[in-house]
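Please look through the sequence and the 3D structure before reading on. The report below goes from the whole chain to single residues.

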Amino acid sequence: MLSLVIPVYRNEESISALIAAVAGLDARLCGELEAVFVVDGSPDRCYEKLHALLPTQPFRSKLILLSRNFGSFAAIRTGLSIGKGEFFAIMAADLQEPPDLVLRMAQLLREGDCDVVVGVRESRKDPIATRLAAEVFWGLYRRYVVPEMPPGGVDVFGCNRKFRDALLSLEERHSSLVAQMFWLGFRRKSVSYSRQQRQYGKSAWTLRKKLTYLGDSVFSFTDLPIRLLIRIGGGTALLAGLFGVVVALAKLLGYIDVPGYTMTIFVIVFLGAINLFGLGIVGSYAWRAYENTKQRPLAIPMRVDTFSASS
């Protein structure tokens, strides 16, 4: 059986089309599908619509309501932990990824030659500004965080139970689920697809969330900021030493009569800024380590409903 995990947040407009797509997948999988909908504290009527529609559907399903918005990664992890299938797949509720992608991932997993299948975007039918921002974002991600990451990133994936269990054993807060997948290793394959233009609602993937995601990925998987800080500090110290030598020579040669107030202030401000920047980076690592020591749950399911297939 395949457990299909679908995180839901601000997707009220696409619920009917989403249900129809899942029903079509279930028919093509000969009823071997379990749909796990995780409503991530959505402020609209996603939960109410799903709760009303799912009991009448021909596929087995679970409906999970989280106590608040914990983020898509926490919602996916919750769905993976509750699903009972032998194989698992992730599907976006906005239907920008073609549903047939789930069938292709399921086929590869059933062949037994891989443990995880990632969806790789070959193209995306988004506005040019969105495409450009995505290219810059994933370019930085590949360059500084996960070199194995596909150029377009990963939004959906499928895996077997062994990989699911290993992924859920990583209980890091403020981390990247996608980066964790590549960190785990295992046998991996990819399937390519073209991302469709969004037909329903507006994306909740804001610039602020993207920057937070990039920060979580960087601070959780690389020491690059600390290494950059060491280099900047070393370079600044070298420049300061050279500047001191120049000033001393100029003073001995009589070129400086009055101490330079402007240069003194500039040096103080510059070094103070470097200090604050460094403290911010080190503080980010320390805060994430502190958050992990609390061992709070990554998400809190408030309600879990199970629906059998309707005859």
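What follows is a short report on a predicted model.

## The chain as a whole

The model is predicted, and its protein chain has 10 helices and 8 strands. Of the 311 residues in this chain, 44% count as buried, while the chain exposes about 16400 Å², of which carbon and sulfur atoms supply 61%.

In soluble globular proteins, nonpolar side chains tend to be buried together. In this model the largest nonpolar core has 41 residues, and those with the most contacts inside it are Leu4, Ile6, Val8, Val22, Phe37, Leu50 and Met91. The elements that give two or more residues to this core include strand 1 (2-8), strand 2 (33-39), strand 3 (60-66) and strand 4 (87-90), as well as strand 7 (188-195); helix 1 (15-28), helix 2 (46-53) and helix 4 (100-111) also belong to that list. Apart from this core lies another one, of 38 residues, with Leu66, Ala75, Ala166 and Leu168 among them.

Leu4 shows what such a position looks like in detail. If its neighbours within four places in sequence are left aside, Leu4 is in contact with Val22, Leu25, Leu33, Glu34, Ala35, Val36, Ala89, Ile90, Met91 and Val102.

## Helix 6 against helix 7

Two packed helices are described by the angle between their axes and the distance between the axes. For helix 6 (residues 161-168) and helix 7 (residues 177-184), the axes come within 10 Å and cross at roughly 115°, and the crossing of helix 6 and helix 7 is right-handed.

Which residues meet where helix 6 and helix 7 are in contact? From helix 6 come Phe163, Ala166 and Leu167, and from helix 7 come Leu177, Gln180, Met181 and Leu184. Sorted by class, this contact of helix 6 with helix 7 has 6 nonpolar residues, 1 polar residue and no charged residues. Leu167, which is found in helix 6, has a relative accessible area of 0% and is therefore buried. Not counting residues up to four places away in sequence, Leu167 touches Arg77, Leu80, Phe157, Leu177, Gln180, Met181 and Leu184. Leu167 and Gln180 are 13 residues apart in sequence, and their C-alpha atoms are 7.3 Å apart in space.

## Helix 3, a mostly covered helix

Helix 3 (residues 72-82) is mostly covered, since 8 of its 11 residues are buried.

Why does Ala74 count as buried? Its relative accessibility is 10%, and so Ala74 counts as buried, the cut-off for that class being under 20%. Leaving aside neighbours within four places in sequence, Ala74 is in contact with Leu298 and Ala299. Ala74 and Ala299 are 225 residues apart in sequence but 5.9 Å apart in space, C-alpha to C-alpha.

## Two positive phi angles

Arg10 has a positive phi of about 55° although it is not a glycine, and Leu95, also a residue other than glycine, has a positive phi near 65°. Arg10 is found in the loop between strand 1 and helix 1, whereas Leu95 is found in the loop between strand 4 and helix 4.

Is each of these residues buried or partly exposed? With a relative accessible area of 44%, Arg10 is partly exposed, whereas Leu95, with a relative accessible area of 17%, is buried.

Val120 lies in strand 5 (residues 116-124) and counts as buried because its relative accessibility is 17%. Beyond its neighbours within four places in sequence, Val120 is in contact with Pro150, Ser190, Val191, Ser192 and Tyr193. Val120 and Phe157 are 37 residues apart in sequence and 9.2 Å apart in space, C-alpha to C-alpha.

Glu48 has its place in helix 2, and at 41% relative accessibility Glu48 counts as partly exposed. Glu48 and Glu12 are 36 residues apart in sequence, with a distance of 9.4 Å in space from C-alpha to C-alpha.

Note on methods:
Residues are numbered from 1 along each chain as its sequence is written. This is a predicted model: local features need pLDDT of at least 70, side-chain atom pairs count only at pLDDT 80 or more; totals for chains, interfaces and linings use all residues. Side-chain values use heavy atoms; hydrogens and water are left out. A nonpolar core is a set of buried Ala, Val, Leu, Ile, Met, Phe, Trp, Tyr and Cys residues joined through side-chain atoms within 4.5 Å. Buried means under 20% relative accessible area, exposed over 50%, partly exposed in between (1.4 Å probe, protein chains only). Helices (H or I, at least four residues) and strands (E, at least two) are DSSP runs, numbered from the N terminus. Contact means heavy atoms within 4.5 Å. Axes are lines fitted to C-alpha atoms, for helices over the stretch in contact, and angles run from 0 to 180 degrees between N-to-C directions. A crossing is left-handed if the near helix is turned anticlockwise from the far one by less than a right angle, and right-handed if clockwise. Ala, Val, Leu, Ile, Met, Phe, Trp, Tyr, Cys and Pro count as nonpolar, Asp, Glu, Lys and Arg as charged, and the others, Gly among them, as polar. Accessible areas come from the Shrake-Rupley method with a 1.4 Å probe; for residues, only the protein chains shown count as cover.
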